[in-house]
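Have a look at it first.

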Amino acid sequence: MEKSSAKQSKKGFSLALFSTKRDYLFGIATLMVVLFHSYIIFSALLPDAPWLADMLTVIKGTMNKGVEIFLFLSGIGLYYSMSKKPSLKEFYKKRATRILPALFIVSAIWFALREPNGLWGYLSDVFFITFFTEGTRVFWYFVLTIFLYIIYPLIHKLFEKTRLYGLILSVTAVVLINILLMSFAPKFYGNIEIALTRIPVFLVGAWIGKHVKDGVKISNLWLLVAFSVMTACFLFYKFQPISEKEYLYIYRYLGSFFAISLLFLWGAIFDKFSLGPFGTFLVWIGGYSMEIYLIQEKVGILNYNNFHTNDPTMIVYYFTMLIFTIILAMGLKALCNNLDRNLFYRNKKIKA
(Lines give C-alpha, C1' and ligand atoms only; values in the text may rest on other atoms or scores of the structure.)
Protein backbone atom coordinates (compact mmCIF):
# COMPACT_ATOMS: atom_id res chain seq x y z
CA MET A 1 0.00 0.00 0.00
CA GLU A 2 2.83 2.42 0.81
CA LYS A 3 4.42 1.76 -2.55
CA SER A 4 1.13 2.40 -4.35
CA SER A 5 0.61 5.64 -2.40
CA ALA A 6 4.07 6.80 -3.34
CA LYS A 7 3.26 6.28 -6.98
CA GLN A 8 0.02 8.23 -6.62
CA SER A 9 1.65 11.18 -4.83
CA LYS A 10 4.50 11.57 -7.28
CA LYS A 11 4.10 14.60 -9.55
CA GLY A 12 3.98 14.06 -13.27
CA PHE A 13 1.92 12.44 -15.99
CA SER A 14 -0.28 9.65 -14.65
CA LEU A 15 -0.49 6.60 -16.89
CA ALA A 16 -3.90 6.00 -15.29
CA LEU A 17 -5.18 8.65 -17.71
CA PHE A 18 -5.15 5.98 -20.41
CA SER A 19 -7.90 4.32 -18.39
CA THR A 20 -9.78 7.25 -16.84
CA LYS A 21 -9.85 9.12 -20.16
CA ARG A 22 -10.30 5.97 -22.24
CA ASP A 23 -13.74 6.92 -23.54
CA TYR A 24 -12.44 10.29 -24.76
CA LEU A 25 -9.43 8.66 -26.39
CA PHE A 26 -11.64 6.14 -28.18
CA GLY A 27 -13.69 9.06 -29.44
CA ILE A 28 -10.58 10.80 -30.77
CA ALA A 29 -9.42 7.58 -32.49
CA THR A 30 -12.86 7.17 -34.05
CA LEU A 31 -12.78 10.71 -35.44
CA MET A 32 -9.29 10.09 -36.81
CA VAL A 33 -10.40 6.98 -38.70
CA VAL A 34 -13.54 8.79 -39.90
CA LEU A 35 -11.42 11.64 -41.29
CA PHE A 36 -8.95 9.24 -42.90
CA HIS A 37 -11.81 7.50 -44.74
CA SER A 38 -13.36 10.81 -45.79
CA TYR A 39 -13.48 12.12 -49.36
CA ILE A 40 -12.65 15.75 -48.70
CA ILE A 41 -10.39 17.21 -51.40
CA PHE A 42 -8.44 19.98 -49.72
CA SER A 43 -6.87 21.29 -52.93
CA ALA A 44 -10.38 22.15 -54.18
CA LEU A 45 -11.45 23.45 -50.78
CA LEU A 46 -8.48 25.82 -50.51
CA PRO A 47 -7.42 26.71 -54.09
CA ASP A 48 -5.82 29.97 -52.98
CA ALA A 49 -3.78 28.37 -50.20
CA PRO A 50 -2.08 25.32 -51.75
CA TRP A 51 0.45 25.09 -48.92
CA LEU A 52 -2.38 24.78 -46.37
CA ALA A 53 -4.25 22.30 -48.55
CA ASP A 54 -1.09 20.23 -48.82
CA MET A 55 -0.56 20.33 -45.05
CA LEU A 56 -4.16 19.29 -44.37
CA THR A 57 -3.81 16.45 -46.86
CA VAL A 58 -0.75 15.18 -45.01
CA ILE A 59 -2.57 15.50 -41.67
CA LYS A 60 -5.51 13.56 -43.12
CA GLY A 61 -3.08 10.86 -44.23
CA THR A 62 -1.84 10.45 -40.65
CA MET A 63 -5.36 9.89 -39.33
CA ASN A 64 -5.13 6.15 -40.01
CA LYS A 65 -3.01 6.08 -36.86
CA GLY A 66 -6.34 5.96 -35.08
CA VAL A 67 -6.03 2.22 -35.75
CA GLU A 68 -2.84 2.09 -33.68
CA ILE A 69 -4.62 3.98 -30.92
CA PHE A 70 -7.42 1.40 -30.93
CA LEU A 71 -4.88 -1.42 -30.67
CA PHE A 72 -2.88 0.25 -27.90
CA LEU A 73 -6.00 0.92 -25.83
CA SER A 74 -7.28 -2.59 -26.54
CA GLY A 75 -4.07 -4.02 -25.10
CA ILE A 76 -4.62 -2.00 -21.92
CA GLY A 77 -8.27 -3.03 -21.77
CA LEU A 78 -7.43 -6.70 -22.10
CA TYR A 79 -4.96 -6.41 -19.23
CA TYR A 80 -7.73 -4.99 -17.05
CA SER A 81 -10.07 -7.80 -18.07
CA MET A 82 -7.53 -10.54 -17.45
CA SER A 83 -6.44 -9.06 -14.11
CA LYS A 84 -9.95 -9.89 -12.84
CA LYS A 85 -8.96 -13.54 -13.37
CA PRO A 86 -11.93 -14.66 -15.46
CA SER A 87 -12.08 -18.21 -16.78
CA LEU A 88 -10.87 -18.57 -20.36
CA LYS A 89 -14.43 -19.43 -21.35
CA GLU A 90 -15.71 -16.16 -19.89
CA PHE A 91 -12.85 -14.18 -21.42
CA TYR A 92 -13.36 -15.55 -24.92
CA LYS A 93 -17.16 -15.44 -24.74
CA LYS A 94 -17.18 -11.75 -23.88
CA ARG A 95 -14.84 -10.92 -26.75
CA ALA A 96 -16.64 -13.15 -29.24
CA THR A 97 -20.11 -11.81 -28.48
CA ARG A 98 -18.83 -8.25 -28.74
CA ILE A 99 -17.16 -8.46 -32.12
CA LEU A 100 -18.32 -11.49 -34.14
CA PRO A 101 -22.05 -10.76 -34.62
CA ALA A 102 -21.44 -7.24 -35.97
CA LEU A 103 -18.47 -8.37 -38.03
CA PHE A 104 -20.24 -11.23 -39.76
CA ILE A 105 -23.43 -9.26 -40.35
CA VAL A 106 -21.51 -6.51 -42.16
CA SER A 107 -19.14 -8.86 -43.99
CA ALA A 108 -22.00 -11.09 -45.17
CA ILE A 109 -23.86 -8.10 -46.62
CA TRP A 110 -20.73 -6.45 -48.03
CA PHE A 111 -19.42 -9.46 -49.93
CA ALA A 112 -22.91 -10.34 -51.18
CA LEU A 113 -23.13 -6.85 -52.73
CA ARG A 114 -19.68 -7.22 -54.32
CA GLU A 115 -20.81 -9.98 -56.69
CA PRO A 116 -18.96 -12.96 -55.18
CA ASN A 117 -17.24 -15.57 -57.33
CA GLY A 118 -19.60 -18.44 -56.53
CA LEU A 119 -20.47 -19.91 -53.16
CA TRP A 120 -16.89 -20.89 -52.28
CA GLY A 121 -15.61 -17.47 -53.24
CA TYR A 122 -18.27 -15.85 -51.09
CA LEU A 123 -17.53 -18.04 -48.07
CA SER A 124 -13.79 -17.47 -48.53
CA ASP A 125 -14.43 -13.74 -48.36
CA VAL A 126 -16.88 -13.84 -45.46
CA PHE A 127 -14.56 -16.01 -43.36
CA PHE A 128 -11.55 -13.86 -44.38
CA ILE A 129 -9.59 -16.65 -46.08
CA THR A 130 -8.94 -14.31 -49.00
CA PHE A 131 -7.22 -11.87 -46.69
CA PHE A 132 -4.36 -14.36 -46.50
CA THR A 133 -4.58 -15.77 -50.03
CA GLU A 134 -5.42 -12.67 -52.07
CA GLY A 135 -4.83 -9.73 -49.75
CA THR A 136 -8.52 -8.77 -49.45
CA ARG A 137 -8.05 -6.11 -46.80
CA VAL A 138 -11.56 -4.80 -46.22
CA PHE A 139 -11.82 -6.33 -42.74
CA TRP A 140 -8.13 -6.77 -41.96
CA TYR A 141 -8.34 -4.92 -38.63
CA PHE A 142 -10.93 -7.33 -37.30
CA VAL A 143 -8.98 -10.37 -38.47
CA LEU A 144 -6.02 -9.03 -36.51
CA THR A 145 -8.18 -8.22 -33.49
CA ILE A 146 -9.61 -11.75 -33.37
CA PHE A 147 -6.09 -13.19 -33.56
CA LEU A 148 -4.85 -10.93 -30.76
CA TYR A 149 -7.84 -11.81 -28.58
CA ILE A 150 -7.11 -15.50 -29.07
CA ILE A 151 -3.45 -15.27 -28.09
CA TYR A 152 -3.80 -12.60 -25.40
CA PRO A 153 -3.96 -15.01 -22.41
CA LEU A 154 -0.52 -16.28 -23.46
CA ILE A 155 0.78 -12.72 -23.81
CA HIS A 156 -0.60 -11.89 -20.37
CA LYS A 157 1.22 -14.82 -18.78
CA LEU A 158 4.44 -13.95 -20.58
CA PHE A 159 4.38 -10.33 -19.41
CA GLU A 160 3.39 -11.27 -15.86
CA LYS A 161 6.47 -13.47 -15.59
CA THR A 162 9.03 -11.52 -17.60
CA ARG A 163 7.71 -7.90 -17.74
CA LEU A 164 10.02 -5.68 -19.81
CA TYR A 165 12.10 -8.60 -21.09
CA GLY A 166 8.92 -10.24 -22.36
CA LEU A 167 7.92 -7.08 -24.19
CA ILE A 168 11.34 -6.75 -25.83
CA LEU A 169 11.36 -10.43 -26.76
CA SER A 170 7.86 -10.42 -28.23
CA VAL A 171 8.29 -7.20 -30.21
CA THR A 172 11.65 -8.41 -31.53
CA ALA A 173 10.04 -11.70 -32.57
CA VAL A 174 7.29 -9.89 -34.47
CA VAL A 175 9.79 -7.65 -36.26
CA LEU A 176 11.93 -10.65 -37.22
CA ILE A 177 8.87 -12.47 -38.56
CA ASN A 178 8.08 -9.41 -40.66
CA ILE A 179 11.62 -9.33 -42.04
CA LEU A 180 11.67 -13.06 -42.80
CA LEU A 181 8.30 -13.04 -44.55
CA MET A 182 9.19 -9.91 -46.49
CA SER A 183 12.41 -11.58 -47.65
CA PHE A 184 11.26 -15.14 -48.35
CA ALA A 185 7.50 -14.88 -48.97
CA PRO A 186 7.00 -11.35 -50.34
CA LYS A 187 3.63 -12.05 -52.00
CA PHE A 188 2.12 -13.52 -48.83
CA TYR A 189 3.72 -10.78 -46.76
CA GLY A 190 2.19 -8.17 -49.05
CA ASN A 191 -1.22 -9.63 -48.25
CA ILE A 192 -0.89 -9.46 -44.46
CA GLU A 193 1.72 -6.80 -43.66
CA ILE A 194 -1.00 -4.25 -42.92
CA ALA A 195 -1.94 -6.35 -39.88
CA LEU A 196 1.37 -7.95 -38.94
CA THR A 197 3.19 -4.64 -38.61
CA ARG A 198 0.51 -3.36 -36.20
CA ILE A 199 1.08 -6.09 -33.58
CA PRO A 200 3.91 -4.29 -31.70
CA VAL A 201 1.71 -1.34 -30.67
CA PHE A 202 -0.81 -3.79 -29.21
CA LEU A 203 1.97 -5.53 -27.29
CA VAL A 204 3.12 -2.22 -25.83
CA GLY A 205 -0.44 -1.50 -24.73
CA ALA A 206 -0.76 -4.95 -23.16
CA TRP A 207 2.56 -4.47 -21.35
CA ILE A 208 1.82 -0.97 -20.05
CA GLY A 209 -1.60 -2.08 -18.81
CA LYS A 210 -0.21 -3.02 -15.40
CA HIS A 211 1.38 0.41 -14.97
CA VAL A 212 -1.86 2.07 -16.02
CA LYS A 213 -3.84 0.03 -13.49
CA ASP A 214 -1.28 0.79 -10.76
CA GLY A 215 -1.53 4.53 -11.48
CA VAL A 216 2.21 4.90 -12.13
CA LYS A 217 3.31 8.47 -12.82
CA ILE A 218 6.17 9.56 -15.04
CA SER A 219 7.97 12.84 -15.53
CA ASN A 220 6.19 15.51 -17.53
CA LEU A 221 9.36 15.68 -19.63
CA TRP A 222 8.00 12.62 -21.41
CA LEU A 223 5.30 14.87 -22.88
CA LEU A 224 8.05 16.92 -24.52
CA VAL A 225 9.56 13.69 -25.84
CA ALA A 226 6.13 12.65 -27.13
CA PHE A 227 5.67 15.97 -28.93
CA SER A 228 9.14 15.69 -30.48
CA VAL A 229 8.53 12.12 -31.66
CA MET A 230 5.14 13.03 -33.12
CA THR A 231 6.64 16.00 -34.97
CA ALA A 232 9.51 13.90 -36.35
CA CYS A 233 7.08 11.24 -37.57
CA PHE A 234 4.88 13.88 -39.20
CA LEU A 235 7.85 15.37 -41.05
CA PHE A 236 8.78 11.90 -42.25
CA TYR A 237 5.26 11.32 -43.56
CA LYS A 238 5.44 14.60 -45.44
CA PHE A 239 8.84 14.23 -47.05
CA GLN A 240 9.29 10.40 -47.21
CA PRO A 241 13.07 10.44 -47.68
CA ILE A 242 13.58 6.75 -48.53
CA SER A 243 12.54 4.22 -51.17
CA GLU A 244 8.98 2.94 -51.49
CA LYS A 245 9.73 -0.59 -50.24
CA GLU A 246 11.60 0.66 -47.18
CA TYR A 247 9.07 3.43 -46.70
CA LEU A 248 6.10 1.09 -46.36
CA TYR A 249 7.91 -1.07 -43.81
CA ILE A 250 9.16 1.84 -41.71
CA TYR A 251 5.93 3.81 -42.18
CA ARG A 252 3.95 1.15 -40.31
CA TYR A 253 6.30 1.09 -37.32
CA LEU A 254 6.53 4.85 -37.15
CA GLY A 255 2.75 4.80 -36.90
CA SER A 256 3.07 3.11 -33.53
CA PHE A 257 5.41 5.81 -32.21
CA PHE A 258 3.17 8.52 -33.66
CA ALA A 259 0.01 7.06 -32.10
CA ILE A 260 1.49 6.49 -28.64
CA SER A 261 2.98 10.00 -28.62
CA LEU A 262 -0.36 11.43 -29.65
CA LEU A 263 -2.08 9.50 -26.88
CA PHE A 264 0.23 10.99 -24.27
CA LEU A 265 -0.52 14.49 -25.52
CA TRP A 266 -4.29 13.96 -25.72
CA GLY A 267 -4.25 12.41 -22.27
CA ALA A 268 -2.51 15.47 -20.85
CA ILE A 269 -4.95 17.81 -22.61
CA PHE A 270 -7.99 15.91 -21.38
CA ASP A 271 -6.57 15.94 -17.86
CA LYS A 272 -6.03 19.70 -17.78
CA PHE A 273 -9.07 21.06 -19.62
CA SER A 274 -12.80 20.64 -19.26
CA LEU A 275 -14.20 19.29 -22.52
CA GLY A 276 -17.84 20.17 -21.96
CA PRO A 277 -20.16 19.24 -24.86
CA PHE A 278 -17.20 18.16 -26.99
CA GLY A 279 -16.24 15.60 -24.35
CA THR A 280 -19.82 14.32 -24.30
CA PHE A 281 -19.67 13.98 -28.08
CA LEU A 282 -16.34 12.14 -27.92
CA VAL A 283 -17.71 9.62 -25.43
CA TRP A 284 -20.84 9.15 -27.52
CA ILE A 285 -19.14 8.59 -30.86
CA GLY A 286 -16.42 6.47 -29.22
CA GLY A 287 -19.19 4.17 -28.06
CA TYR A 288 -19.86 3.36 -31.72
CA SER A 289 -16.21 3.05 -32.71
CA MET A 290 -16.36 -0.56 -33.87
CA GLU A 291 -19.62 -0.15 -35.77
CA ILE A 292 -18.47 3.05 -37.51
CA TYR A 293 -15.15 1.46 -38.44
CA LEU A 294 -17.01 -1.53 -39.87
CA ILE A 295 -19.47 0.52 -41.91
CA GLN A 296 -18.07 3.90 -42.97
CA GLU A 297 -15.65 2.93 -45.72
CA LYS A 298 -18.12 0.43 -47.21
CA VAL A 299 -20.90 3.02 -47.34
CA GLY A 300 -18.58 5.44 -49.12
CA ILE A 301 -17.49 2.88 -51.70
CA LEU A 302 -20.99 1.60 -52.44
CA ASN A 303 -22.42 5.06 -53.01
CA TYR A 304 -19.48 6.77 -54.67
CA ASN A 305 -20.75 6.31 -58.24
CA ASN A 306 -24.41 6.79 -57.36
CA PHE A 307 -24.32 10.02 -55.39
CA HIS A 308 -23.77 12.87 -57.84
CA THR A 309 -22.66 16.29 -56.68
CA ASN A 310 -21.16 19.34 -58.33
CA ASP A 311 -19.10 20.07 -55.23
CA PRO A 312 -15.43 19.49 -56.18
CA THR A 313 -14.43 19.44 -52.51
CA MET A 314 -16.67 16.38 -51.90
CA ILE A 315 -17.72 17.84 -48.53
CA VAL A 316 -21.43 17.37 -49.21
CA TYR A 317 -20.86 13.76 -50.22
CA TYR A 318 -18.64 13.10 -47.21
CA PHE A 319 -21.03 14.47 -44.61
CA THR A 320 -24.00 12.75 -46.22
CA MET A 321 -22.20 9.41 -46.07
CA LEU A 322 -21.06 10.13 -42.50
CA ILE A 323 -24.61 10.77 -41.31
CA PHE A 324 -25.77 7.63 -43.10
CA THR A 325 -22.92 5.70 -41.48
CA ILE A 326 -23.80 6.88 -37.97
CA ILE A 327 -27.46 5.92 -38.45
CA LEU A 328 -26.46 2.44 -39.65
CA ALA A 329 -23.91 2.12 -36.82
CA MET A 330 -26.58 2.89 -34.24
CA GLY A 331 -28.89 0.32 -35.80
CA LEU A 332 -26.16 -2.30 -35.95
CA LYS A 333 -25.21 -1.80 -32.32
CA ALA A 334 -28.84 -1.96 -31.21
CA LEU A 335 -29.29 -5.22 -33.14
CA CYS A 336 -26.14 -6.78 -31.69
CA ASN A 337 -27.03 -5.65 -28.16
CA ASN A 338 -30.40 -7.29 -28.60
CA LEU A 339 -28.70 -10.52 -29.68
CA ASP A 340 -26.35 -10.20 -26.71
CA ARG A 341 -29.19 -9.86 -24.21
CA ASN A 342 -31.58 -12.40 -25.67
CA LEU A 343 -29.30 -15.04 -27.15
CA PHE A 344 -25.73 -15.01 -25.89
CA TYR A 345 -26.46 -13.98 -22.32
CA ARG A 346 -30.02 -15.34 -22.14
CA ASN A 347 -31.69 -12.04 -21.27
CA LYS A 348 -29.08 -11.01 -18.71
CA LYS A 349 -28.35 -7.31 -18.64
CA ILE A 350 -25.26 -6.34 -20.58
CA LYS A 351 -22.63 -4.85 -18.31
CA ALA A 352 -20.60 -1.87 -19.48
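Leaving aside residues up to four places away in sequence, F18 touches F13, L25, F72, L73, I76, V212, L263 and F264, where a contact means heavy atoms within 4.5 Å. This is a predicted model, so local features need pLDDT of at least 70 and side-chain atom pairs pLDDT 80 or more, while totals for chains, interfaces and linings use all residues. Residues are numbered from 1 along each chain, and side-chain values use heavy atoms, without hydrogens or water.

F18 and L294 touch the most other members of the largest nonpolar core, which has 104 residues. Such a core is a set of buried Ala, Val, Leu, Ile, Met, Phe, Trp, Tyr and Cys residues joined through side-chain atoms within 4.5 Å. Buried means under 20% relative accessible area, exposed over 50%, and partly exposed in between (1.4 Å probe, protein chains only).

Now for the rings: the whole structure has 28 aromatic pairs. Rings of Phe, Tyr and Trp (its six-membered ring) pair if their centres lie within 6.5 Å; planes under 30 degrees apart are stacked, over 60 edge-to-face, the rest tilted. Here are two of them:

| Pair | Centre to centre | Between planes | Kind |
|---|---|---|---|
| F70 and Y141 | 6.3 Å | 55° | tilted |
| F91 and Y152 | 6.1 Å | 25° | stacked |

Both F70 and Y141 are buried. F91 counts as buried at 1% relative accessibility, and Y152 is buried with a relative accessible area of 1%. Ring pairs also link F26, F70, W140, Y141, F142 and Y293 into a cluster.
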